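Please describe this structure for someone who has not seen it before.

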Amino acid sequence: MATTSIFYGSVYGAAERLAEAVCDKMNDLGHDAKLIDNPQVEDVARAEQVLVITSTTGQGDLPDNILPLYLGLQSQFPLLGGKACAVIAMGDSSYGDTFCGGGKQFEQLLEELQGKIVLPRLDIDAMVDFDPEPVALPWIEKLVTQF
Ligand SMILES: Cc1cc2nc3c(=O)[nH]c(=O)nc-3n(C[C@H](O)[C@H](O)[C@H](O)COP(=O)(O)O)c2cc1C
């Protein structure tokens with residue numbers, strides 16, 4: 001069975017906690033998943049399936065803990081050859097045009113690298129859903145049928 005590598009970007013911990021819960025949920029569903037701490041470009045290049053879970057900071061920016069990975073992918077540009085990818089973007093719609101900008105940027109880069117987005121991106125709005133898990137876990141149930 002293929003393993004899903006989960007990459008997370010988080011400033012205050014919400015996206016990191018969600019990534020942990022998602023990893024547990026996938027494993028409970030009988031799907032191999034692992035969290036990648038301190039991610040490197042090779043971790044994405046070698047992953048069998050890629051799931052990115054990231055919040056947004058600044059004005060539509062990626063958190064500092066995932067930004068080096070994004071920039072490394074952009075500069076080294078490892079083609080992903082149709083590798084299955086998916087993105088959960090966390091944000092707050094009160095930020096207007098930059099809502100979920102971090103996740104949107106990452107998804108766009110994965111597509112430029114020829115990753116295949118197997119399920120439309122899930123955007124979680126902290127203004128609406130204080131607890132992201134009830135929104136994300138049903139989406140994960142769908143995702144494992146696509147991975
Ligand atoms: C300083 C700051 C800037 C933010 N900027 C944005 C933004 O531009 N767009 C957006 O959708 N959300 C923005 N957010 C909201 C966060 O992305 C959201 O609260 C998220 O759930 C935080 O997750 P984290 O705890 O993993 O960092 C911002 C939050 C803070 C505190």
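The chain has five helices and six strands; these are DSSP runs numbered from the N terminus, helices (H or I) of at least four residues and strands (E) of at least two. From the N terminus on, their order is β-α-β-α-β-α-β-α-β-β-α. This is a predicted model: local features need pLDDT of at least 70, side-chain atom pairs count only at pLDDT 80 or more, and totals for chains, interfaces and linings use all residues. Residues are numbered from 1 along each chain as its sequence is written.

The C-alpha trace spans about 40 × 35 × 25 Å along its principal axes. Buried residues make up 40% of the 147 residues. Buried means 20 or more other C-beta atoms, placed from the backbone, within 10 Å of the residue's own; exposed means 12 or fewer, and partly exposed lies in between.

Helix H3 covers residues 67–76. Its residues split as follows.

| Side of H3 | Residues |
|---|---|
| Buried | Leu69, Tyr70, Leu73 |
| Exposed, on the face turned away | Ser75, Gln76 |

The buried residues of H3 pack against strand E1 (4–9), helix H2 (41–46) and helix H4 (101–112). Contact here means C-beta atoms, placed from the backbone, within 7 Å. After H3 comes Phe77, with a positive phi near 50°.

Definitions and conventions
Two residues are in contact if their C-beta atoms, placed from the backbone, lie within 7 Å.
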